[in-house]
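Student: Could we go through this one together? I'd like to know how the labels get assigned.

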Amino acid sequence: MVWTRRVGAFALAGVLAFPATSWAAELVVYHNWASPAELTALNVLREALETHGHSWVPLAIPHDANGDIDVVELIAAGASPNIFLQLQPDIYRTLDGQGQILHLEEQFATSGALAQFPPVVRDAITVDGTIVKAPVSIHADAMVYYNRAVADAAGIDPESWTSLEDMWADFPKVRAAGFLPVALGAQRWQVGYLTHALVASLAAPGVYTGLYGATTDPAVLYDASLVEVFTWLRRFQQEADAGALQRDWNMATNMVISGTALLQLQGDWMKGEWRAAGKSEDQDFGCLFVPGAAHLPVTVDSWGLLGGVSPETEVAERSFADVVVDAAVQARFAEAKGSTPVRFDARGTIDTCSKKVLAALDRTGFALPTPHVTAAPDWVNAVWEVANAYWNDPAMTPNQAIAALKAAQAGF
């Protein structure tokens with residue numbers, strides 16, 4: 001494990017009006033982001049933190065290098081970060097029980113940030129009634145981003161789709177025009193995300209929350225709509241090209257940006273890659289929810305702050321939390337990463353795709369939290385294992401995949 005001291009290549013435009021402290025603290029920041037847009041967005045935070053006089057030391061373990069190591073494991077290994085980018089509530093429960101997590105509700109209330117957070121954000125950063133996370137971005141886990149030029153060349157209109165069947169019906173035209181219909185990465189986590197995107201989009205009412213709740217409801221595993229979910233997962237797998245297996249998500253995004261493929265179904269962090277490539281929504285790309293989706297799964301990326309440190313370091317950590325949720329920083333960060341700001345009062349600077357996400361948050365019962373903040377990590381992993389086994393075995397049927405889920409659930 002290597003501590004890296006890396007300065008990003010991008011800087012904030014303008015100077016943020018944060019007062020610098022009279023002393024400097026060095027904060028070790030653990031994250032698993034690695035794409036150009038993600039690093040650009042992190043640099044927005046780094047630059048803002050440095051206006052306080054503090055320095056940022058990244059501990060970066062990307063997704064494709066086992067980036068799901070949790071901070072509890074890092075601490076046990078003697079590599080304690082000050083700041084960590086993780087969602088799972090159990091991590092925060094463990095650290096809070098050991099007196100190793102900072103509480104933020106009073107701080108955010110005093111600064112006025114708390115009143116500007118949408119309900120989905122407040123829920124995501126609260127664990128057992130206490131705010132223990134600093135929210136940095138809102139993402140829709142399931143959106144379709146498409147290349148306008150490819151759609152025009154194929155003579156299709158993605159905005160007219162009202163179902164996945166509509167979308168699939170246009171694929172022959174896309175192939176005839178010389179393009180791949182879908183850009184896919186078949187890495188384990190990407191198949192897992194596609195699975196819960198399809199459960200949210202296609203499953204019957206209550207199935208998503210029953211499958212991904214704090215305790216799984218075994219009854220949902222007998223719901224017929226899960227057969228449809230796995231049927232569509234197979235259809236996506238059959239669209240995968242030979243290079244999909246080890247393809248990073250942003251490489252799949254670049255296939256759409258470059259015009260190799262029509263679309264990608266992924267989290268809307270895709271937008272950051274489009275922006276990093278100098279593309280615009282008006283001219284180059286369009287965005288929509290999964291056609292006909294019943295629900296939209298939503299991720300609120302958040303930072304935890306490790307307690308039990310010196311008073312000076314705690315001050316620096318709390319300065320980081322204020323930086324993350326600052327209205328001006330939020331606007332800049334969202335533009336760089338392709339996310340939606342976590343504050344209502346940053347709305348004036350966001351694009352149409354993010355406005356669609358914010359509007360979805362106002363639709364009663366439409367937006368649902370990502371499984372990573374509701375379900376036990378071991379259960380999420382178990383679902384991923386089944387989904388990946390199914391993806392990699394074309395002979396496996398939907399009913400066999402569901403039987404595997406039932407067997408896995410019996411062990412919890």
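**Disulfide and pocket**

Tutor: The structure holds one disulfide. This is a predicted model, where local features need pLDDT of at least 70, side-chain atom pairs count only at pLDDT 80 or more, and totals for chains, interfaces and linings use all residues. Residues are numbered from 1 along each chain as its sequence is written, and side-chain values use heavy atoms, with hydrogens and water left out.

Student: What makes cysteine 287 and cysteine 353 a disulfide?

Tutor: The term means a pair of cysteine sulfur atoms within 2.5 Å. Here S to S is 2.1 Å, so the pair qualifies under that cut-off.

Student: Why is the disulfide called left-handed?

Tutor: Because the torsion about the S-S bond is about -110°.

Student: Where do cysteine 287 and cysteine 353 sit in the chain?

Tutor: Cysteine 287 is in strand E10 (285-289) and cysteine 353 in helix H16 (352-361), 66 residues apart. Helices (H or I, at least four residues) and strands (E, at least two) are DSSP runs, numbered from the N terminus. Both cysteines are buried, meaning under 20% relative accessible area with a 1.4 Å probe, protein chains only.

Student: Which residues lie nearest the centre of the second largest pocket?

Tutor: Pro119, Val120, Asp123, Ala124 and Pro369, out of 22 lining residues. H5 gives the most to that lining, four residues.

Student: How does the lining of the second largest pocket divide into nonpolar, polar and charged?

Tutor: There are 13 nonpolar, four polar and five charged residues. Asp, Glu, Lys and Arg count as charged, so Asp123 belongs with the charged ones.

Notes
On a 1 Å grid over the protein atoms alone, a cavity is a set of points where a 1.4 Å probe fits but cannot get out, and a pocket is an open set with protein on both sides within 12 Å along at least five of seven lines; lining residues have an atom within 4 Å of a point. Buried means under 20% relative accessible area, exposed over 50%, partly exposed in between (1.4 Å probe, protein chains only).
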